[in-house]
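Please read it alongside the sequence and the coordinates.

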Amino acid sequence: MFARYLAVSALCLVVDYASYVALIRLLAVPPPAAAAAGYFIGLVANYVLAIRYVFASGPLSGHRLGEFVAFACTGLVGMAVSAGTVYACALAGITSIHLGKIAAVGVSFFVVYAMRKYVLFREAGAPHAVDAP
């Protein structure tokens with residue numbers, strides 16, 4: 001499961017970045033708006049691929065809109081973790097924007113994967129994270 005999620009996430013990162021660059025270069029969209037749009041396009045691609053190739057089902061599988069909203073919320077948490085990681089790197093004196101972003105991608109990847117695997121798409125009958133002793 002982890003290898004499939006890693007492959008889907010890598011592909012969706014390419015979709016996100018390609019959308020970002022295309023919106024800026026082809027449509028002259030301002031970079032912050034292009035970043036948000038690219039992120040959303042990558043998120044939709046990630047959801048479609050993840051429910052098909054990574055996660056068999058979860059508590060919301062019968063309610064695709066609710067499942068997508070919850071999936072998107074985990075993505076927003078990942079975005080916040082990413083921003084926080086870049087900020088922490090800057091505070092630590094890491095001046096390369098690329099090193100901070102690489103660290104952020106790694107940290108947010110594992111946080112979001114854990115939320116999606118153990119909460120959103122947990123196996124039927126598996127205890128919820130908050131139910132653990």
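Arg-64 and Glu-67 are joined through their side chains in a salt bridge, with a nitrogen-to-oxygen distance of 2.5 Å. Both residues belong to helix H3, where they stand 3 residues apart, which is about one turn of the helix. The count of salt bridges in this predicted model comes to 1.

Side chains of opposite charge can pair when their charged atoms come close.

## Overall architecture

The secondary structure of the chain consists of 4 helices and 0 strands, and from the N terminus the order of elements is α-α-α-α. Along its principal axes, the C-alpha trace extends over about 45 × 35 × 25 Å.

Of the 133 residues in the chain, 29% are buried. The chain exposes about 8,200 Å² in total, and carbon and sulfur atoms supply 74% of that area. Among contacts with a sequence separation of 6 or more, 66% are accounted for by residues 24 or more positions apart.

## The largest nonpolar core

The largest nonpolar core holds 16 residues, and those that touch the most other members are Tyr-5, Leu-43, Val-54, Phe-55, Phe-71 and Phe-121. Two or more residues of this core are contributed by each of helix H1 (2-27), helix H2 (31-53), helix H3 (64-91) and helix H4 (97-120). The largest share, 4 residues, comes from H4. In soluble globular proteins, nonpolar side chains tend to be buried together.

Which residues does Phe-55 contact, once its neighbours within four places in sequence are left aside? Phe-55 is in contact with Met-1, Tyr-5, Ala-50, Arg-116, Lys-117 and Phe-121. Tyr-5 and Phe-121 are also named, together with Phe-55, among the core residues that touch the most other members.

## Nonpolar side chains at the surface

Some nonpolar side chains are found on the surface, where Phe-2, Leu-6 and Phe-110 form a patch with about 290 Å² of accessible area together. One of these residues, Leu-6, lies in helix H1 and is partly exposed, with a relative accessible area of 42%.

## Residues in and between the helices

Ala-28, in the loop between H1 and H2, has a positive phi of about 55° although it is not a glycine. Is this residue buried or exposed? Ala-28 is exposed, with a relative accessible area of 64%, a value that places it in this class because the limit is over 50%.

In helix H4, Ser-108 counts as buried at 12% relative accessibility. When residues up to four places away in sequence are not counted, Ser-108 touches Gly-78, Val-81 and Ser-82. Gly-84, found in helix H3, is partly exposed, with a relative accessible area of 35%. Although Gly-84 and Val-107 are 23 residues apart in sequence, their C-alpha atoms are 10.0 Å apart in space.

Helix H2 contains Ala-37, which is partly exposed at a relative accessible area of 29%.

## Confidence of the prediction

The chain has an average pLDDT of 83, and 92% of its residues score at least 70. When confidence is compared in the chain, H4 is lowest, with a mean of 85, and H1 is highest, at 90.

Over residues 129-133, by contrast, the pLDDT is below 50, and this stretch has 1 contact in the model beyond near neighbours in sequence. Where pLDDT is low, the predicted coordinates should not be read in detail.

Key: Residues are numbered from 1 along each chain as its sequence is written. This is a predicted model: local features need pLDDT of at least 70, side-chain atom pairs count only at pLDDT 80 or more; totals for chains, interfaces and linings use all residues. Side-chain values use heavy atoms; hydrogens and water are left out. A nonpolar core is a set of buried Ala, Val, Leu, Ile, Met, Phe, Trp, Tyr and Cys residues joined through side-chain atoms within 4.5 Å. Buried means under 20% relative accessible area, exposed over 50%, partly exposed in between (1.4 Å probe, protein chains only). Contact means heavy atoms within 4.5 Å. Patches are made of residues with over 30% relative accessible area and no salt bridge: like charges are joined within 9 Å, nonpolar side chains (Val, Leu, Ile, Met, Phe, Trp, Tyr) within 5 Å. Accessible areas come from the Shrake-Rupley method with a 1.4 Å probe; for residues, only the protein chains shown count as cover. A salt bridge is a side-chain nitrogen of Lys or Arg within 4 Å of a carboxyl oxygen of Asp or Glu. pLDDT is the predictor's confidence in each residue, from 0 to 100.
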